[in-house]
Amino acid sequence: MLLVISLGGDLQAKARTGAGNMAGKDNVRRIEVEVGGGFIHGNSYGGNPSKTGMVLFLEARNNFPGTPFDVSFQGMLGSFSRKNDNLTVNINGGVTVFGDYNWRLGRRAAPFAGVGAGMAFVESRGLSTAAVREKTFVFNPRIGVELFGHLRITLEYKWMKAPYSFLGLNVGFAFGGGRKS
């Protein structure tokens, strides 16, 4: 009985300090800021396919040392256009809060998957039409890999109102973060 109580206390201490099996995998710095950009492709809307556009983003992330989880806040700007009617869709600002699960398998590659929710301020404008501005809810699943503790490649889908949703492939660099020495 005394052995069981002693073992339980030891396991709790290891969990609080990050010691034990998880120390090598989840011993990460708490705060990081990612700067990046990528290519986005809007969904087809009304039989009108989109052209590939671009996105820029800034994301502040809080890693939870000793766990595989992080929470982040992302701001983004982007634009894509439609082929047939020369309609341009501008994301004039978007904010999304994410939660990610990280598989820290080794020092070189750490796959992750997450989901986010937020709001985007969108403007659509055609050659012969006035600009339409509106805000829309964003649901954002994503998967990716972090290489060498700082380079992140992410595939995401920003689901919004039908004319504005897009698939994105992003590359970013995280300042801070990474493994503790």
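Reader: What volume does the second largest cavity have?
Author: This is a predicted model. The structure holds two cavities of 30 Å³ or more. For the second largest cavity, the computed volume is about 30 Å³.

Reader: Which strand gives the most residues to the lining of the second largest cavity?
Author: Lining residues here include M76, I91, G94, V95, T96, M119 and A120. At least two residues each come from strand 5 (109–125) and strand 4 (88–102). With four residues, the top contributor is strand 4.

Reader: What is the volume of the largest cavity?
Author: Its lining is made up of E34, F57, E59, Q74, R142, R152, T154, E156 and N170. Strand 2 (52–63) and strand 7 each give two or more of these residues. The volume of this largest cavity is about 40 Å³.

Reader: Which strand gives the most to the lining of the largest cavity?
Author: Five of the lining residues are charged, three are polar and one is nonpolar. R152, T154 and E156 are among them. Strand 7 covers residues 151–158. The top contributor, with three residues, is strand 7.

Reader: How many residues make up the largest nonpolar core?
Author: In soluble globular proteins, nonpolar side chains tend to be buried together. In this model, M76, V89, I91, A120, V122, M160 and F166 have the most contacts inside the largest nonpolar core. Strand 2, strand 3 (69–81), strand 4 and strand 5 each give two or more residues to this core. The core's residue count is 14.

Reader: Is N48 buried or exposed?
Author: N48 sits in the loop between strand 1 (31–42) and strand 2. Beyond four places in sequence, N48 contacts N43, R82, K83, N84 and D85. The relative accessible area of N48 is 7%. Because the cut-off is under 20%, N48 counts as buried.

Reader: Is R107 buried or exposed?
Author: R107 lies in the loop between strand 4 and strand 5. Its relative accessibility is 64%. The cut-off is over 50%, so R107 counts as exposed.

Reader: What distance separates the C-alpha atoms of R107 and G149?
Author: Along the chain, R107 and G149 are 42 residues apart.

Reader: What is the phi of F148, a residue other than glycine?
Author: F148 is in the loop between strand 6 (132–147) and strand 7. F148 counts as exposed, at 57% relative accessibility. Its phi is positive, near 55°.

Reader: Where in the chain is confidence lowest?
Author: The chain averages a pLDDT of 85, and 83% of the residues score at least 70. Strand 7 has the highest confidence, at 98. Over residues 1–23 the pLDDT is below 50, and this stretch has seven contacts beyond near neighbours in sequence. With a mean of 42, the lowest confidence is in helix 1 (residues 2–17).

Notes: Residues are numbered from 1 along each chain as its sequence is written. This is a predicted model: local features need pLDDT of at least 70, side-chain atom pairs count only at pLDDT 80 or more; totals for chains, interfaces and linings use all residues. Side-chain values use heavy atoms; hydrogens and water are left out. pLDDT is the predictor's confidence in each residue, from 0 to 100. Contact means heavy atoms within 4.5 Å. On a 1 Å grid over the protein atoms alone, a cavity is a set of points where a 1.4 Å probe fits but cannot get out, and a pocket is an open set with protein on both sides within 12 Å along at least five of seven lines; lining residues have an atom within 4 Å of a point. Grid points are joined across faces, edges and corners, and a volume is the space filled by probe spheres set on the points. Ala, Val, Leu, Ile, Met, Phe, Trp, Tyr, Cys and Pro count as nonpolar, Asp, Glu, Lys and Arg as charged, and the others, Gly among them, as polar. A nonpolar core is a set of buried Ala, Val, Leu, Ile, Met, Phe, Trp, Tyr and Cys residues joined through side-chain atoms within 4.5 Å. Buried means under 20% relative accessible area, exposed over 50%, partly exposed in between (1.4 Å probe, protein chains only).
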